[in-house]
Amino acid sequence: MTAEYFNFLSLIGVAFFAISGALLGHDKDIGGFGVVVVGTVTALGGGTLRDVLLNQPVFWIAEPNYLYATYGSIFVAVMFIRYLPDVSNYYMLLVDAIGMAIFNIVGIEKALIEGTTMIVAITMGMTTGIFGGLMRDVICREVPLVMRDELYSTTCFCGGLTYAALFLLEVNYMWCIIGSLFVTVFLRLSALHWGWQPNIFRKRTVRK
């Protein structure tokens with residue numbers, strides 16, 4: 001992936017996550033500067049952890065444009081809330097799904113650039129995709145989405161597997177990105193709509 005595409009995807013991912021943080025902050029009646037804090041942590045948390053683990057300069061310190069994207073997106077979200085006060089929680093879940101899918105790709109790409117194996121890259125994509133949302137939910141005293149009995153981190157993993165499969169087939173990297181994004185967002189929105197659950201551990205019926 002070229003540096004331009006990488007930076008573009010990262011900026012879009014930051015923007016979506018910043019909006020999701022601001023929307024959840026509003027839903028939890030967090031006022032004033034608190035909404036900015038929640039949005040900023042959501043937008044920057046996953047990428048920060050990724051860069052620390054990869055022993056790379058933290059992206060928003062090395063390139064301040066990510067901060068402009070974060071604060072600008074929070075401002076847009078605040079204006080959206082201000083003029084449409086009855087904001088459905090669905091909007092937060094939608095932008096969270098898109099942001100997670102984008103950050104999943106960014107994490108995979110950055111790990112591969114640093115020379116990791118594909119399995120490490122997929123894990124780094126999941127870490128980048130879910131950590132910001134995890135911090136957001138903890139700050140807002142919500143049960144984190146990643147801990148709930150629904151498809152969440154699994155969608156990142158499936159998106160990562162899609163990327164890996166297309167990559168190994170030597171498909172153009174743009175289609176690797178599109179395929180991974182589509183699978184991740186489709187599975188996440190489908191889980192929200194139809195209530196899909198992984199059901200790894202099934203409850204056993206106690207016989208009398």
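Start on the outside: Phe80, Leu84 and Tyr91 make up a nonpolar surface patch, together showing about 270 Å² of accessible area. (A patch takes residues with over 30% relative accessible area and no salt bridge, joining nonpolar side chains within 5 Å; a salt bridge puts a Lys or Arg side-chain nitrogen within 4 Å of an Asp or Glu carboxyl oxygen; areas are Shrake-Rupley with a 1.4 Å probe.) Leucine 84 lies in the loop between α4 (65-83) and α5 (89-113), with helices being DSSP runs of H or I, at least four residues, numbered from the N terminus. Leucine 84 counts as partly exposed because its relative accessibility is 47%; under 20% would be buried and over 50% exposed.

This is a predicted model, where local features need pLDDT of at least 70, side-chain atom pairs need 80 or more, and totals for chains, interfaces and linings use all residues. Numbering runs from 1 along each chain as its sequence is written, and side-chain values use heavy atoms, without hydrogens or water.

Now head inside. Tyrosine 163 sits in helix α7 (residues 153-168) and, at 2% relative accessibility, is buried. Beyond its neighbours within four places in sequence, tyrosine 163 touches Ile105, Ile108, Glu109, Leu112, Met118, Cys176, Ile177 and Ser180, contact meaning heavy atoms within 4.5 Å.

Finally, the loops. Aspartate 29, between α1 (3-27) and α2 (33-53), has a positive phi near 60° without being a glycine, and it is exposed at 71%.

How values were computed
Helix = DSSP H or I, 4+ residues; strand = E, 2+ residues; numbered from the N terminus. Buried < 20%, exposed > 50% of the residue type's maximum accessible area, 1.4 Å probe, protein only. Patch = residues over 30% accessible without salt bridge, like charges linked within 9 Å, V, L, I, M, F, W, Y side chains within 5 Å.
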